[in-house]
Amino acid sequence: MAEIPVRFELDTIAASLPILQAAARTSIPLNAFIEEGGSWRPLVPGERWGAPGRTVRIRIPLRVPDGWDGDIVLHAVLGIEGDLTGPEALAYLDGVPFQGLDRYHHDLLLTGHVAPGSEHEVMLEAYSSLLPEPPILTALTLQHIQPEADALYHDVRVLLEVVPTLPAISLDRAQLTNDLVDAYRAIDLRRPGSDAYLASVRSARAILRRAFERPQGPEPSIVAVGHAHIDLAWLWPVSQTRRKAARTFSTVLRLMERYPDFRFVASQPALYRMLKEDEPKLYAQVLDRIREGRWEPIGATWVEMDTNLAGAEALVRQFLFGKRFFRQELGVDPRVAWLPDTFGYSTALPQIMRGAGVDSFMTTKISWNEYNRLPYDTFHWHGLDGTPVLAHMVTAPMVPSEEDDSHLTHAYTYNAMFTPADLAGEWAAYREKRLNHELLYLFGYGDGGGGPTATMLETARRLKHLAGFPRVEQSSAEQFFRGLNDRLEGSEDLPRWIGELYLEYHRGTYTSQAWIKRANRQAEILYREAELWSSWAGGDRATRQTAMNIGWEALLFHQFHDILPGSSIGQVYADARRAYPEIMARGEQIRDASLASLEEGIARDADSVILWNPAPFDREEPVEVCSAVPLPRTQAAGDNRYLIPARIPAHGYTTLPLSAIVAGGSDLTVAHDHLENRFFRIELAEDGTIRSLVDKRVGRELIAPGAAANVLIAFEDRPLAFDAWDIQIDYQAKPYPITDLDSRRVVEEGPLRGAVELVRRYGESTIRQRVVLYRDVARIDFPTEIDWHEHQTLLKASFPVAINAQRATYDIQFGNVERPAHWNTSWDWARFEVPAHKWADISEGDYGVSLLNDSKYGYDVKGNVLRLTLLKSAVSPDPEADQGLHRFAYALFPHTGDWRAGETVRQAYLFNMRATGRAAAPRSGPMPAQASFVRTDRPGLVIETVKPAENGDGIVVRVYDAYNTRGTGVLEFAHAIVSAEETNLLEEPIGPAEFEGTTLTIPVRPYGIATYRVRLS
């Protein structure tokens, strides 16, 4: 026989794969009926069904032919592949939830559930998609699979995919090539499916056995784990997420019946809760697989939350609620933080993880960096306080369908397809080969769920021990991390990354859908206050905390990394607008009931107002209260509202008799073009911007020469991709300062507060803003109301200040971070937009300026220009994002010294946690006219949380050091301490704490978080 170039013969083998696949299956057509208007009509392949966003029922009767004793599947193609929004279906077999069908799972795996000659009914709960045109039912058949012929198809397919991954000079490659060629020559393709064909199949498989049985050398190891990342909302509403959980998890259950080696991981207790509520029979099957050890709950947090935007206590509760569910419901205690798709990682996380019993962290998202590749894949990540966790990035290469932005040349994925090219690419990309030869590999369709497929698992069977290729084993992710920790323990060569894992991408998520950012901040603050007063009120704290936790679960759910960041479709936010009022109402009810209970015990001799301060700092500033009784010696604020001067202790109250409330004199002056108090003199330009701001305390002009401050600037915002997610660095090239002024008028003239109102128009939008100065507060406030109707427009407030600073400081959870205020390197200018919470600051040695906010998260600082991002208004995936009315406030806080000496932290808490006042009639009681429940006088020691203990035993106080200092701190309580102990973040005991009388003495370490359970008399 003439010699044939092997490479051409390999092409022929590849072209024959569809023939080998088809020859393994015998098909018979099935009839289907779709429910419409209460009746059923026939539905045939080629016909469209459903409507955008609609769920319908499709009934499929079937009879299994006699003699079909092998693998049996119902093959249904509900629509085209590639649309993440659908179509999808949950199939019920004889009325029992059975398995999911989606764009990548077309076979219902009936083997073991049906018998030859039996009759059944399959009912599809089918969701079409969000595409405007309904999907087409492409195929519907019952198929019998010949096992040996199907196995040959997969043998040939996998080996064909392995060959190109091996080096051209490799002996293994030559041997595999010969095996394929010899096997193919043994296959009789004249009549595929005939007896002669099946006989040749057995001969070909015997030849290929030598490929799978050839001894394997010392190859790297890959731990492969099935995975199905499910976004709790994104291009679908939460109602569809509930069904996605049922579809995906049922598909995994069926695959586990067919593939004994299959291991699967799934995070997010919120998903398990959904399955338990919606499909208890499927949930019971999942529990069986968990007990068996093949299904692995992982991740430790309630949802895969955004870590830039969620507040400090919310991050703690994510772990508390997640761990509690996993332990109590599923009988596991995950030690891995599982956040593959979150848009950057706060440097507060390592300490929180360790405090919740988590020592390892998995992600892939940082590989999406736009400009600079993170230099490590396995490393110790050291958080703000120096606490380390072991971090590992899954390095599977991005699949082509995900690579929709040209910069993603080094991006990794958590949605790997279990191809030999993927597996080889994972090892090739990994950069700590010298230290570690075992990698974690996640395979299965994700984002919209779906998970692994039978094809992937057939590949897995064949790659366990293939000579020249990495050793592939399906195993546990938790076991992988335990082994990784053990192997690298004490290694001096393991790289360290110190500080935040900033994602150089998706910077718009700090701002998109501004209303939900505000709702989140307000809810976090409300729940903090409700728990504080509930702790003090006594009584049945445990019952109140149980009620609070229902609201906490909803709040934590909405911090998922595609909800709170603003990157979901409009329906998600329509649903959220209905959810947040319920969240707030629950917190308000518990707060108000607790305050009412406390007020009953406060002694007062006359009609009074009781002022409550929920902040962890003493406050001395005017408080706005409602009073049906006129208060003529105060400042009227309209509609029975009055502004009264007050001094209120931290976490406490003060009682003021109405007859004693006097605003007093004032040196505050306000005119349409200037405002002045004993701290500042402000001059407004003709366009309403600030042309001069003098700090009278030091005789210093704060506005940079030739510049104006509080300038609102609009920018064209048209990202190359991911509209709601991204901001392009070149947005700054097209600024449009908003200088047109419709009106300017004095709206408050003191004595406690003065304000000038500015009304501007930009395009179709109206901006109504006040410049507010106080008699006794060294801060300038800018309460703002915007009726916004622009699209793809970024709005910022700009403050060019006369400050020389190379770095800026930003508030984050449980501390603060410094970032460069220059663009010296690519790592610097990649941070052209950064996340922060309540404040950002630039300071010289003896003076600085902080920019506070009550609901914003995006800042940028370059040189001496400090800017806050107010609105983004993307058009995809929600065309109406940020349209309509917005209310928020920001404030400029000039201070002597740096941000520590100037007490920026204190001022930001006071700005966000407003005092409230309640009218009170005379009564006797055991409580004094003024008191603080718990306080500390140590600068920089912040009491972040005061709450009832989860088990009802005492109260829990959580503190942190905000100044990067160490020493000893004191917590002073309103009542005598009976016992005290330090706990971890899960409220589990660590050891006794030192106390005497009403005083708890605690050690303080730089940026350290500490939690104490205290029992009071």
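Tutor: Start with an open sheet of 4 strands, in a predicted model. Its order is E1-E10-E5-E8, and the pairing is antiparallel. Strand E1 (25–29) and strand E8 (107–109) stand at the edges. Each has a single partner strand, so one side of each is left without a neighbour in the sheet. From one strand to the next, the twist averages 30°.

Now take the pair E5 and E10. Strand E5 (residues 71–77) and strand E10 (residues 139–145) run antiparallel and are joined by 7 bridges.

H6 leads on to another helix. H6 (238–258) is among the elements that cover the buried residues of H12. Others in that cover include helix H3 (147–162), helix H5 (195–213) and helix H11 (420–429). Strand E18 (438–443) and strand E19 (471–474) also belong to the cover. Helix H12 itself spans residues 454–462. Its buried residues are Met456, Leu457, Glu458, Thr459, Ala460 and Arg462. Note that Glu458 and Arg462 are on that list. In general, an α-helix has 3.6 residues a turn, so residues three or four places apart point the same way.

An open sheet of 3 strands has the order E23-E25-E24, with antiparallel pairing. Strand E23 (623–626) and strand E24 (635–638) are its edge strands, and each pairs on one side only. Neighbouring strands of this sheet are turned by 35° against each other on average, direction ignored. E23 pairs with strand E25 (residues 641–644) over 4 bridges, in the antiparallel sense. There, Val625 stands opposite Tyr642 in E25.

Strand E33 (residues 711–716) has 5 of its 6 residues buried, so this strand is largely enclosed by the rest of the structure. E33 runs antiparallel to strand E39 (residues 793–800), with 6 bridges joining them. Ile713 stands opposite Lys796 in E39. E33 also pairs with strand E34 (residues 735–737), in the antiparallel sense over 3 bridges. In E34, Tyr736 is the bridge partner of Ala714.

The largest pocket holds about 1,500 Å³. It is lined by 47 residues, and Arg518, Glu624, Arg753, Asp854 and Arg914 are the closest to its centre. The lining divides into 21 nonpolar, 6 polar and 20 charged residues. Helix H14 (residues 514–537) gives the most to this lining, with 6 residues.

H14 turns up again at the largest cavity, where it supplies the largest share of the lining, 5 residues. That cavity holds about 290 Å³. Of its 23 lining residues, Gly311, Ala312, Glu524, Lys838 and Glu944 are the closest to its centre. By class, the lining has 9 nonpolar, 5 polar and 9 charged residues. In total, the structure holds 7 cavities of 30 Å³ or more.

Note on methods. Residues are numbered from 1 along each chain as its sequence is written. This is a predicted model: local features need pLDDT of at least 70, side-chain atom pairs count only at pLDDT 80 or more; totals for chains, interfaces and linings use all residues. Side-chain values use heavy atoms; hydrogens and water are left out. Buried means under 20% relative accessible area, exposed over 50%, partly exposed in between (1.4 Å probe, protein chains only). Helices (H or I, at least four residues) and strands (E, at least two) are DSSP runs, numbered from the N terminus. Contact means heavy atoms within 4.5 Å. On a 1 Å grid over the protein atoms alone, a cavity is a set of points where a 1.4 Å probe fits but cannot get out, and a pocket is an open set with protein on both sides within 12 Å along at least five of seven lines; lining residues have an atom within 4 Å of a point. Grid points are joined across faces, edges and corners, and a volume is the space filled by probe spheres set on the points. Ala, Val, Leu, Ile, Met, Phe, Trp, Tyr, Cys and Pro count as nonpolar, Asp, Glu, Lys and Arg as charged, and the others, Gly among them, as polar. Two strands pair if DSSP finds at least two bridges between them. Axes are lines fitted to C-alpha atoms, for helices over the stretch in contact, and angles run from 0 to 180 degrees between N-to-C directions.
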